[in-house]
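Q: I would like to learn how to read a protein model, one feature at a time. Where do we begin?

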Amino acid sequence: MKVTFMGTGTSVGVPSIGCQCPVCRSHDPLNRRTRTSALLAVEEHRVLIDASIDLRQQALREEMDVLHAVLVTHAHADHVFGLDDVRMFNFRQQAPMPIYASAATLADIRRTFWYVFEATLAASSRPQLALKEVNGPFEVAGLRVLPFEVIHGAMPILGYRIGRFAYITDASALPEATFPLLARLDVLVINALRHKPHPTHFTLTGALDTIARIAPRRAYLTHISHDFDHAALSRELPEGVQPAHDGLTIEVDHET
């Protein structure tokens, strides 16, 4: 399975609007981070984890021409506002897009994208979304997906494991029951916002402590703020851990 980091930035992106800090003014392309998302590819199948608010820009960059499903972690703007751009895949593929999420997240999506589900509107003016409730392992587009709970501040949200790959974003803690589900990983993706404590996201220290406990062969950091310069952060991290960047593609076993 190929995993492409579509975006690796925090909710405001990097550079952030109006900011004059060294990272936001950097000419290093690895310091330009769109909102967080990942694309999974196995043979002809393509599955997104989250539909970033920057989905259109990311899809054009990666020359996406097909999409088979979206796995949603939670319904905050930076993770779902790209769902409106799914309509281009509806047009191309002549089919609704399966959207997998928890019951709570699906309810949030219905409220946010009310016009999608309003029967009086013309179909051509809206995406076609087929909402699929996640309440246990499921299969989609040739992938066996194991959802697991993580904590985002006070809110439970979802991470996803596919084979020896697991993806976590926007977490501030993991329930004890989640750790056994993350054993024997080749690759773990996990958020690391900044050094300073944050009420709803892992700091770098929190992310590294969680990585050490899970002990994957490799770990990649995502949902990174402008507090981190890519090159400097790379030098700071322990062996086997590195910051992801927009457009990075890795390969990992998707079989259990």
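Q: Is Asp 186 buried or exposed?
A: This is a predicted model, and burial is judged by relative accessible area, with under 20% counting as buried. Asp 186 has 16% relative accessibility, so the residue counts as buried.

Q: Where is Asp 186 found, and which residues does Asp 186 touch beyond four places away in sequence?
A: Asp 186 sits in the loop between strand E10 (165–167) and strand E11 (187–191). Beyond four places in sequence, Asp 186 touches Arg 164, Pro 216, Arg 217, Arg 218, Val 252 and Asp 253.

Q: How do strands of a sheet pair, and what is the order of the seven strands in the open sheet?
A: Strands of a sheet pair through backbone hydrogen bonds, either parallel or antiparallel. Here the open sheet runs in the order E7-E8-E9-E10-E11-E12-E13, and its pairing is mixed. Strand E7 (138–140) and strand E13 (241–243) are at the edges; each has a single partner strand, so one side of each lacks a neighbour in the sheet.

Q: In which sense do strand E8 and strand E9 pair?
A: Strand E8 (residues 143–152) and strand E9 (residues 155–162) are antiparallel, with eight bridges.

Q: Which helix lies across E11, E12 and E13?
A: Helix H5 (residues 204–214) does, and H5 runs at about 155° to E11.

Q: Which residues touch the most other members of the largest nonpolar core?
A: That core has 29 residues, and Met 1, Leu 40, Leu 71, Tyr 160 and Phe 165 touch the most other members. Another core, of 25 residues, lies apart from it and includes Leu 185 and Phe 228.

How values were computed: Residues numbered from 1 in each chain as written. Predicted model: local features only at pLDDT ≥ 70, side-chain atom pairs only at ≥ 80, totals over all residues. Heavy atoms only, no water. Helix = DSSP H or I, 4+ residues; strand = E, 2+ residues; numbered from the N terminus. Buried < 20%, exposed > 50% of the residue type's maximum accessible area, 1.4 Å probe, protein only. Contact = heavy atoms within 4.5 Å. Core = buried A, V, L, I, M, F, W, Y, C linked by side-chain atoms within 4.5 Å. Pairing = 2+ DSSP bridges. Axes fitted to C-alpha atoms, helices over the stretch in contact; angles between N-to-C directions.
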